[in-house]
Amino acid sequence: MPARTIILKLNQQQLELIDRTIAKGVAPDRAALVKLAIREHAERRAK
């Protein structure tokens with residue numbers, strides 16, 4: 001699959017939620033967390 005660029009516009013509350021999720025060790029950084037969320041969403045849709 002070719003690489004794609006996704007631009008997200010998040011508000012301060014959404015960024016804080018992402019940062020708290022990263023602090024829990026779910027992902028190492030924001031980009032990795034977004035990739036994980038997209039991957040999980042695609043897997044659910046494929047079922």
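I began with the second largest pocket and listed its lining as Ile6, Leu8, Leu10, Gln14, Leu17, Ile18, Thr21, Leu33, Val34, Ala37 and Ile38. I then asked which elements give two or more residues to that lining, and found α1 and α2. I noted a volume of about 170 Å³ for the second largest pocket. The model I am reading is a predicted one.

**Whole chain**

I took the extent of its C-alpha trace along the principal axes, which comes to about 30 × 20 × 15 Å. I also looked up burial for the protein chain, and buried residues account for 11% of its 47 residues.

**Helix α1**

I checked the length of α1, which runs over residues 12-23. Its 12 residues should span 16 Å at 1.5 Å a residue, and I found the end C-alpha atoms 16 Å apart, so the two values agree.

I looked for buried positions in α1 and wrote down Leu15, Ile18 and Ile22. Viewed down the axis of α1, the buried residues fall within an arc of 60°, and I therefore take them to line one face of the helix. I recalled that an α-helix has 3.6 residues a turn, so residues three or four places apart point the same way. What do the buried residues of α1 pack against? I traced their packing to α2. On the face of α1 turned away from its buried side I found the exposed residues Gln13 and Ala23.

I went to both ends of α1.

**Thr21**

I picked Thr21 from the pocket lining and placed it in helix α1. Thr21 and Leu33 are 12 residues apart in sequence, and I noted a C-alpha to C-alpha distance of 8.4 Å.

**Ala27**

I moved on to Ala27, which sits in the loop between α1 and α2. I read its relative accessible area as 8%, so Ala27 is buried. Which residues does Ala27 touch, not counting those up to four places away in sequence? I listed Ile22, Ala32 and Leu33.

**Helix α2**

I finished with α2, which covers residues 30-46 and has 17 residues. From its first C-alpha to its last α2 reaches 24 Å, and I noted that this is close to the 24 Å expected at 1.5 Å a residue. I looked at the start of α2 and found a side-chain oxygen of Asp29 reaching to within 3.3 Å of the backbone nitrogen of Ala31.

Note on methods: Residues numbered from 1 in each chain as written. Predicted model: local features only at pLDDT ≥ 70, side-chain atom pairs only at ≥ 80, totals over all residues. Heavy atoms only, no water. Helix = DSSP H or I, 4+ residues; strand = E, 2+ residues; numbered from the N terminus. Expected span 1.5 Å × (residues − 1). Polar contact = N/O pair within 3.5 Å; in protein donor to acceptor, adjacent residues only side chain to side chain. Buried < 20%, exposed > 50% of the residue type's maximum accessible area, 1.4 Å probe, protein only. Arc of directions from axis to C-beta. Contact = heavy atoms within 4.5 Å. 1 Å grid on protein atoms, 1.4 Å probe; cavity = no way out; pocket = protein on both sides within 12 Å on 5 of 7 lines; lining within 4 Å. Points joined across faces, edges and corners; volume = space filled by probe spheres on them.
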